[in-house]
Structure formats: structure tokens, C-alpha cells
Amino acid sequence: MTTPCRTAPAAPGPESLVLGTMNFGTTVPESEAHALLDRFVERGGRWIDTADCYAFWRGASGRGGDSEAVLGRWLAARPGARDRVLLATKTGAEPVVPGAADGPRTGLSAEAIRSAARASLHRLGVDRVDLFWAHMEDRATDLAETVDALAELTDSGRALRVGASNHPAWRVERARALATARGARPVDAIQLSHSYLRPRPGAPTTEHPFGDLSEEQLDHAAASGMEVWAYTPLLRGAYDVPERALPAAYRHPGTTARSAALAAVADELGLSAGQVVLAWLAGGAVPVLPILGASRLWQLDAAFDAVTTPLPAALRRRLDEAGTG
């Protein structure tokens, strides 16, 4: 059995923050994206997250690939940068018909994974990625076929690790068992939507049926030694930008107590509410790596200040216990 390779730090620090590059090359112009990447490395960041479908809904072609291409050109222009960062990309969510988000996606068949990996490596201008994600589950493809195709990537060194985004815990565990049985590296990371405020039970927050991190998935990750990555940790600015309304799923009575606790802790630490959320995620008993989709340098700096700020145990308890009575 292969021992999973863990790269998350033992304590919160700059390596706890993941730079999300979804909008690089579309709403974030290339020059600004390169400036963000430079600052990210300067501040000690390591993980950069992208996907082959980013951002098909914003580009004129209806196809993804812009984000990976911007990253590739940044790496090419910065000799030595590849050795200072860890690259993660995803496949499976690109629409078959350009721009048709409500239609079929490329999925996780063996051929789809092989083709996507070749294209991603070409756009990134690298011979390997450090983590290759199955972006969304594909129940039309036998799970064993997907696992075998992912194993081809790790066996060949084109991907050092594999992860599962937007998958239920039972599918992740079954994939891990199949990989272990064939002597391949199992999935050792999961990526889902997660923040401090909790959505109303049963209320969708993403397009993915299993896109929200549940207590079961968190427990499964802890028991299995898997990394946990969180997308949309700041609820698209709703914590700190008054004109950004909370998504409907988070508008319920349970939010009141947690919002009050968050505001009190933020005031005590001299941080914004969003910064406290990032510190809370990164410093938990099961650390969660928040993915920040920054578009401004000040946002990136604020996030680094957050994940490098220790959250005292008493304040963490106050946050954890709010709204549980």
C-alpha cells in the first residue's frame, strides 16, 4: 500500500493558503494575474489551484483553458518558479458543448482523463502536476475505469497525487479501496465548498449535489489522513462587503449566533470577519486549506495575514460552540 503524500503544514502558516485562479485570463487580466502570482510566491504561498474548465462561462469561446494558459506563461517567464510552487488542476467538468453548463460534461472516462491531462500539461507548460483532481463525479463511468486512469497518471509521474472534488464520502472511499487493491496511490485529498457559517440543511449552495463539506466527509478525511480543501470560504465577500448579501442557503436563524461570535472574535483580534474565517479554517483540529480567489493584491495580503495569525484556543471554542445550543 502506498503511503499518501501529505503537503499541508502541521500548523497554520503561509502554506495553508491556496491561490484559486478560476478567473485568471478572463475577468482578471493576465498582467494582474501575474502580479498576484508574484506576490503569492513572495509571501510564502505554495499551492495554486486551477481546472481545465476555467472559466468556460466567461470566455468568448465557451471553452476553458484560459487560467491554465495564464499560469503556463507565468511559469515560462519566471525561471525557477516551478520549483517554488505546487500545481493542482482538475478535469471532468468541461461542457461537451461549448458554454452549455446545463448539458453533459466531459466526465471521468479513461479517454477523457488521458486527453484532459495531456491538454492541461501542455497549457501549463510542465511535465507533471502535484495534484490532479477529479472535478465532479461521473456515475456514467465505472469507478474502476476512473481509478485506473488516475493511476496511469501517478504511475507515470504526470501527477504526483490525485484528489476528489464534489464527491460523496462513500465514492471517495470506494475509489481509495480500488486504488489500494491495484497498488496505486489512493485519493488523498478532497475539495468541497466550506465556510464558517453553515448552510441550511438540504439547501444547495453549489451546482454539485455533494458539493458542500459535511461532518461525515470531514470525519472521513480525518480518519483517512486526507487533506481537506475548501472553495468559496469567504462566501464571495459576504462577510466583509455590506452590499454582498449572504447566499440564500445561509439566511436562517442559526446564522445569527455564529455571525455574532464571529464579529466579537474579529473585534478582539483586530481582524476582519473574513480573516477570522480563514484563520479558523486553517487552524482547526482537522486543518482545512482555504482557496482564495483573489483579484486584488490587498486581498491576497489580508489572507496571508489571516492564516499566519494564531487563533487562541478560547476564541476558537467560542466560534465552534456558537449556535450549537
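In what follows, Ala, Val, Leu, Ile, Met, Phe, Trp, Tyr, Cys and Pro count as nonpolar, Asp, Glu, Lys and Arg as charged, and the others, Gly among them, as polar. The structure is a predicted model, in which local features need pLDDT of at least 70 and side-chain atom pairs count only at pLDDT 80 or more, while totals for chains, interfaces and linings use all residues. Residues are numbered from 1 along each chain as its sequence is written, and side-chain values use heavy atoms, with hydrogens and water left out.

A cavity is a set of points, on a 1 Å grid over the protein atoms alone, where a 1.4 Å probe fits but cannot get out, and lining residues have an atom within 4 Å of a point. Points are joined across faces, edges and corners, and a volume is the space filled by probe spheres set on them. Four cavities of 30 Å³ or more are present.

The largest cavity holds about 80 Å³. Its lining includes Ala134, Leu143, Gly163, His167 and Arg171. At least two lining residues come from each of helix H4 (143–156), strand E5 (162–165) and helix H5 (169–181); helices (H or I, at least four residues) and strands (E, at least two) are DSSP runs, numbered from the N terminus. H4 supplies the largest share, four residues. By class, this lining has eight nonpolar, three polar and one charged residues.

The second largest cavity has a volume of about 60 Å³. H4 and H5 each supply at least two residues to the second largest cavity, with H4 giving the most, four. Eight nonpolar, one polar and one charged residues make up this lining.

Open space is treated separately. A pocket is an open set of grid points with protein on both sides within 12 Å along at least five of seven lines. The second largest pocket contains about 830 Å³ of space. Of the 38 residues that line this pocket, His194, Leu213, Ser214, Glu215 and Leu218 lie nearest its centre. The elements that give two or more residues to this lining are helix H6 (215–224), helix H8 (273–282) and helix H10 (313–321). H6 gives the most, with four residues. The lining of this pocket comprises 18 nonpolar, twelve polar and eight charged residues.
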